[in-house]
Amino acid sequence: MQIEIDEGSGFCFGVTTAISKAEEELAREGSLYCLGDIVHNGSECERLRRMGLVTIDHNTFGRLEGSKVLLRAHGEPPATYETARRRGIRLIDATCPVVLGLQRRIAKVYAETPRPQIVIYGKRGHAEVLGLVGQTCGEAVVIENLEEARRIDLTRSTCLFSQTTKPLEGFREVASYLTQAIVAPATFRSFDTICRRVAGRLPGVEAFAARHDAVIFVCGLKSSNGRVLFEACRKRNPHTYMVDNAEAIRPEWIRDARTVGICGATSTPKWLMEDCRERVSRLAGLSSEGK
């Protein structure tokens, strides 16, 4: 059996930066608060918890005084920065530059006169989306699919943005519909704000999945990006299985496979994919040397 880890899988730049900042602070201080899960991967969160990272929610954040808190790559709404200012909280801001740029674009459009209707194509309740909606004082309309786009007020001038990790195909479908359906004299503008480093992963993982007998897709169960990439893999190769840790791999998945591919989301650490390779090797009765 041949076992291959996809070279293109693993942390994106934003996640890598956030984790590096956390590790640097933990090495100096031994503990650090993080507002929300630093990454949508339970195994990586547990590794950092053992190093001293304490994950808190917004309620706890609002009760802190003078503490140091890491803001993860997903970004935060303006209200979070105001809370930090009022309570003397020192922020380590690890917001992804792509997300930060998107927040600024939304805030700029929201400030226009007359104010347009702002629509965000994204996952309702997702951390990044909450930060984006916050740029509009909570007024933005969030849609998750084309069907929901059909229910917005098309008599209002509308601007469409996207969560950075949504699939490009879905965004273009929504934008095409709104372009045709907007009711004059209302106007429509769309801003393609999808991260190309994420969107560009789709062709790569599809090709990777197609060349293996079985594929183990490794990602956190909360990962939106992981779900999109997993479905893309499974579409090309029905023998694709999602796991969030190595022990979840079942022997029957690889029993008749000559080649096994291991890949993951932009929130999947390389060390976890290596663990999965070791697990596959053990199940197949192989030595890990040279695999």
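Which residues of α11 are buried? In this predicted model, they are S224, N225, G226, L229, F230, A232 and C233. Residues are numbered from 1 along each chain as its sequence is written, and side-chain values use heavy atoms, without hydrogens and water. The model is predicted, so local features need pLDDT of at least 70 and side-chain atom pairs count only at pLDDT 80 or more, while totals for chains, interfaces and linings use all residues.

**View 1. Helix α11 and its packing partners.** Helix α11 spans residues 224–236. Helices (H or I, at least four residues) and strands (E, at least two) are DSSP runs, numbered from the N terminus. The 13 residues of α11 reach 19 Å from first C-alpha to last, close to the 18 Å expected at 1.5 Å a residue; the expected span is 1.5 Å times one less than the number of residues. Buried means under 20% relative accessible area, exposed over 50%, partly exposed in between (1.4 Å probe, protein chains only). The buried residues of α11 pack against α9, α10, β10, β11 and β12. Contact means heavy atoms within 4.5 Å. At the start of the helix, a side-chain oxygen of S223 comes to within 2.8 Å of the backbone nitrogen of G226.

**View 2. The sheet β3-β2-β4-β5.** Four strands form this open sheet, and the pairing is parallel. Strands β3 (53–56) and β5 (90–93) are at the edges with a single partner strand each, so one side of each has no neighbour in the sheet. From one strand to the next, the twist averages 35°. Strand β2 (residues 32–35) pairs with β3 over four bridges; pairing takes at least two DSSP bridges between two strands. Y33 stands opposite V54 in β3. Helix α1 (residues 13–29) lies across β2, β3, β4 and β5, at about 160° to β4. Axes are lines fitted to C-alpha atoms, for helices over the stretch in contact, and angles run from 0 to 180 degrees between N-to-C directions.

**View 3. The loop residue N41.** N41 lies between β2 and α2. At 1% relative accessibility, N41 is buried. Its side chain reaches the backbone nitrogen of S43 at 3.2 Å and that of E44 at 3.0 Å. Beyond its neighbours within four places in sequence, N41 contacts C219, G220, S267, T268, P269 and L272. N41 and G226 are 185 residues apart in sequence, yet 9.8 Å apart in space, C-alpha to C-alpha.

How values were computed:
Polar contact = N/O pair within 3.5 Å; in protein donor to acceptor, adjacent residues only side chain to side chain.
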